[in-house]
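User: I'd like to go through this one with you, starting with the open spaces and then a couple of single residues. Could you walk me through it?

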Amino acid sequence: MFIIAGLGNPGSKYEDTRHNVGFDVIDRISKEYHIAVDTRKHRALIGKGVIDGIKVILAKPQTFMNLSGESIRELVDYYKVDEATELIVIYDDISLDVGQLRIRKKGSAGGHNGIKNIIAHLGHDVFMRVKVGVGEKPKGYDLADYVLGHFSKEEKEKMEVAYEKAVQAVRMAGLGEIDEAMNQFNRKG
């Protein structure tokens, strides 16, 4: 079984913002694999389903981004998954160009408060991640305002492609092809 968690903030005022790309990827996975993500459990909206013969839990933590670890910890404990090999976290990354992906098996939080909180609650940084680039904050912008802002029309087009790639990357990681996903998606352009 895999837990596939997309990070974001609950509520309509945060929909389609840079910080909610994790939720957006979960929505794409939900649609593609016909898994309704509408059950409230473990401080998240979850959906249970199967992708390529593998049981999955899709999760959108409802704790707000900076407390994502609280929900992730509950999910990992309840479903008794090995977070190093059976947890995939999808989230936004301002150090990557808009639409660029970076797949990792472990690593630091890189300044991302949601990931910092997950690492604090798990007690380690060894879990798979799919980082989706939302672009660097322009000079003079407040970081919170930037990540809670919306994409331009041109950026939205790039993000649609990125979401498709992220769904593929998650599928590959779930099939044990994380290295292949890294080779395929961890490059610019």
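Predicted model: local features only at pLDDT ≥ 70, side-chain atom pairs only at ≥ 80, totals over all residues.

User: Okay, what volume does the largest pocket have?

Analyst: The largest pocket has a volume of about 460 Å³, and its lining is made up of 24 residues.

User: And which residues lie nearest its centre?

Analyst: Nearest the centre of the largest pocket lie His-19, Gly-110, Gly-111, His-112 and Asn-113. As for elements, β5 (87–93), β7 (128–133) and α5 (143–147) each supply at least two residues of that lining.

User: How do the residues of that lining divide into nonpolar, polar and charged?

Analyst: The lining of the largest pocket divides into eight nonpolar, ten polar and six charged residues.

User: Let's take His-112, then. Where is its place?

Analyst: His-112 sits in the loop between β6 (101–104) and α4 (113–122).

User: Is His-112 buried or exposed, and why do you say so?

Analyst: His-112 has a relative accessible area of 9%, so it counts as buried, the cut-off for that being under 20%.

User: Which residues does His-112 touch?

Analyst: Leaving aside residues up to four places away in sequence, His-112 touches Leu-7, His-19, Met-65, Tyr-91 and Asp-92. With Asp-92 there is also a polar contact of 3.1 Å, which joins the two side chains.

User: Switching topic: how many cavities of 30 Å³ or more does the count come to?

Analyst: The count comes to one cavity of 30 Å³ or more, and about 90 Å³ of space lies in the largest cavity. Its lining has 13 residues, and those closest to its centre are Ile-51, Val-56, Val-170, Arg-171 and Gly-174.

User: Which element gives the most to that lining?

Analyst: That is α6, which gives four residues to the lining of the largest cavity. The elements that give two or more are β1 (2–6), α1 (21–33), β4 (54–61) and α6 (153–174). By residue class, the lining of this cavity divides into ten nonpolar, one polar and two charged.

User: Last one, Asp-77. Which helix does Asp-77 lie in?

Analyst: Asp-77 lies in helix α2, which spans residues 68–79. Its relative accessible area is 42%, and Asp-77 is therefore partly exposed, since that class runs between the 20% and 50% cut-offs.

User: And how far apart are Asp-77 and Leu-122 in space?

Analyst: Asp-77 and Leu-122 are 10.0 Å apart from C-alpha to C-alpha, while in sequence 45 residues separate them.

Conventions: Residues numbered from 1 in each chain as written. Heavy atoms only, no water. Buried < 20%, exposed > 50% of the residue type's maximum accessible area, 1.4 Å probe, protein only. Polar contact = N/O pair within 3.5 Å; in protein donor to acceptor, adjacent residues only side chain to side chain. Contact = heavy atoms within 4.5 Å. 1 Å grid on protein atoms, 1.4 Å probe; cavity = no way out; pocket = protein on both sides within 12 Å on 5 of 7 lines; lining within 4 Å. Points joined across faces, edges and corners; volume = space filled by probe spheres on them. Nonpolar A, V, L, I, M, F, W, Y, C, P; charged D, E, K, R; others polar.
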